[in-house]
Amino acid sequence: MTVEEFEEFYAHSVQQLVGQVYLMTGDLHEAQDVVQEAFVRAWGRRAKLDRDAGPEAWIRIVAFRLAVSRWRRRGRALEAWRRYSGSEPHALAAPEPGTVALVSALQRLSERQRLVTVLHYVCDLTVEQVAAEAGISTGTVKTHLFRARAALAAGLDDSPASDTSEEEHGA
């Protein structure tokens, strides 16, 4: 991929990738950071990236792995903070109001369920593509999708739309 092709690819795909990683992590700033870091890593290997081979999949999985690594490091740091200071650090601001329910429901899923759910439903990848990108079998992808749908249905069932329909029907 040439410099011009890479710049065009970046301009075309960065926002979409940030949105996808945000749904996986639940933290917009973290998603922006890890996507940027993934693009920096991709820049170093741009000669090996083929635009027709879907470099966004490579960047998405690198960004997600970076986010998981950061999350684990933060967890260890938080535990050390609690152990030695005896108090909690200050909390960060909550996500935007329009996405709270979805992000909250996604965060209740396991890491693997969240990954396959976002790849399949948000990134619109087939089960086979999700399996290849996540490095798991198609049967495992289907199992995770089934369990994730059940968990999300239970978590998102209390939507404002269902409350409105009850009011309209005099309930």
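1. Basis of the note. The model is a predicted one, in which local features need pLDDT of at least 70 and side-chain atom pairs count only at pLDDT 80 or more, while totals for chains, interfaces and linings use all residues. Residues are numbered from 1 along each chain as its sequence is written, and side-chain values use heavy atoms, with hydrogens and water left out.

2. Helix pair. Helix H1 (residues 3–25) and helix H2 (residues 28–44) have axes that come within 8 Å and cross at roughly 145 degrees; helices here are DSSP runs (H or I, at least four residues) numbered from the N terminus, and the axes are lines fitted to C-alpha atoms over the stretch in contact, with angles from 0 to 180 degrees between N-to-C directions.

3. Contact between H1 and H2. With contact taken as heavy atoms within 4.5 Å, the H1 side includes Val-3, Phe-6, Tyr-10, Leu-17 and Tyr-22, and the H2 side includes Leu-28, Val-35, Phe-39 and Trp-43. By class, this contact has 16 nonpolar, 4 polar and no charged residues, where Ala, Val, Leu, Ile, Met, Phe, Trp, Tyr, Cys and Pro count as nonpolar, Asp, Glu, Lys and Arg as charged, and the others, Gly among them, as polar.

4. Aromatic pairs. The structure holds 5 aromatic pairs, a pair being rings of Phe, Tyr and Trp (its six-membered ring) with centres within 6.5 Å, and with planes under 30 degrees apart called stacked, over 60 edge-to-face and the rest tilted. Phe-6 and Phe-39 are edge-to-face, at 6.1 Å centre to centre and 80 degrees between the planes, and this pair joins H1 to H2 across 33 residues. Phe-6 also pairs edge-to-face with Trp-43, at 5.2 Å and 75 degrees; because Phe-6 lies in H1 and Trp-43 in H2, the pair ties together parts that are 37 residues apart in sequence.

5. Phe-6 counts as buried at 5% relative accessibility, whereas Trp-43, at 35%, counts as partly exposed; buried means under 20% relative accessible area, exposed over 50% and partly exposed in between (1.4 Å probe, protein chains only).

6. Nonpolar core. A nonpolar core is a set of buried Ala, Val, Leu, Ile, Met, Phe, Trp, Tyr and Cys residues joined through side-chain atoms within 4.5 Å. The largest one has 44 residues, of which Val-35, Phe-39, Ile-59, Leu-115, Leu-119 and Val-141 touch the most other members. H1 gives the most to this core, with 9 residues.

Methods. Helix = DSSP H or I, 4+ residues; strand = E, 2+ residues; numbered from the N terminus.
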